[in-house]
Each structure stands twice: as C-alpha cells, then as structure tokens.
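Hello,

Here is the structure I promised to pass on. Please have a look at it first, and my notes follow below.

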Amino acid sequence: MGAKNRVVAGDYLGKSVTQTFGMVSILIGFTKSVLLNKDNVESYEVVDESSRKSAASAVGRGLVGSFVLGPVGLLAGLSAKSKGTHAVAVQFKDGKKSLLEIDDKIYSALMKLLF
C-alpha cells in the first residue's frame with residue numbers, strides 16, 4: 001500500500017494532498033484549497049522513519065526538529081524513505097501546522113516548489 005496523500009496530523013487533518021500542473025495543494029473544500037509553496041509555507045522538514053512515530057505529537061508543539069538542517073537534512077530524508085512514502089512536517093506562515101503523508105510524485109513536486 002502506498003502513501004495516503006493526506007494530512008495525517010495537525011491542521012487540515014484528513015484532507016487530501018494533490019498535485020496538479022506542478023502545483024501541490026491541500027483540498028479543504030469542494031472548490032477551496034491551500035497551495036503549498038514559498039508564499040504560504042514558512043518552513044518544512046522531511047520526517048524519516050525513526051522520527052515518524054513521534055511526528056504526530058511533534059506537529060502539535062512545532063516542527064519535528066530544527067529547520068536549519070537545510071540540504072543535509074533533505075538528503076537524510078530522501079535516503080530514509082520507505083516504499084515511496086514520505087512524511088513532511090509543514091509550518092504555514094499563518095501559524096497552522098500539518099504533517100503530510102505523500103508519495104514520490106507529490107514529494108518531488110513539493111521539494112521543487114519549496115526549494
């Protein structure tokens with residue numbers, strides 16, 4: 001079974017994460033969505049398998065670790081993926097926080113948008 005492509009913790013819990021024409025968004029209503037891009041996202045962190053278990057509670061108190069990990073942290077996240085599923089903690093500029101579970105396709109698009 002692959003990634004859920006859903007918000008699995010935090011704000012927008014249970015909402016779908018989609019990718020259309022290179023844009024990644026969280027669907028929050030029939031015609032409403034929240035774009036995941038540099039305009040809306042304050043910071044993000046890729047959560048690897050070892051920190052995934054505590055990720056849900058971590059989203060409640062902030063991001064899983066420090067955002068200063070930069071490219072090194074990104075590479076660690078890439079090497080820690082399991083079966084094409086990625087967990088990404090997102091801190092929005094409006095203060096909301098979400099933990100996303102996404103597949104390779106959406107993950108790749110999201111990384112390009114937030115780089």
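Leaving aside its neighbours within four places in sequence, which residues is V17 in contact with? They are N5, R6, V7, V24, S25, I26, L36, L100, I102 and I106, where contact means heavy atoms within 4.5 Å.

Before the rest, a word on the source. This is a predicted model, in which local features need pLDDT of at least 70 and side-chain atom pairs count only at pLDDT 80 or more, while totals for chains, interfaces and linings use all residues. Residues are numbered from 1 along each chain as its sequence is written, and side-chain values use heavy atoms, with hydrogens and water left out.

V17 sits in strand β2 (residues 17–20); strands are DSSP runs of E with at least two residues, helices are runs of H or I with at least four, and both are numbered from the N terminus. With a relative accessible area of 4%, V17 is buried (buried is under 20%, exposed over 50%, partly exposed in between, with a 1.4 Å probe and protein chains only).

One of the contacts of V17, I106, is also buried and belongs to helix α4 (residues 104–114), as do the buried Y107, A109, L110, M111 and L114.

The whole structure has one (ring centres of Phe, Tyr or the six-membered ring of Trp within 6.5 Å; planes under 30 degrees apart are stacked, over 60 edge-to-face, the rest tilted). Y12 and F92 form it edge-to-face, 5.9 Å centre to centre with 85 degrees between the planes. Y12 lies in the loop between β1 (6–10) and β2, and F92 in strand β6 (residues 85–92), 80 residues apart. Both Y12 and F92 are buried.

Best wishes
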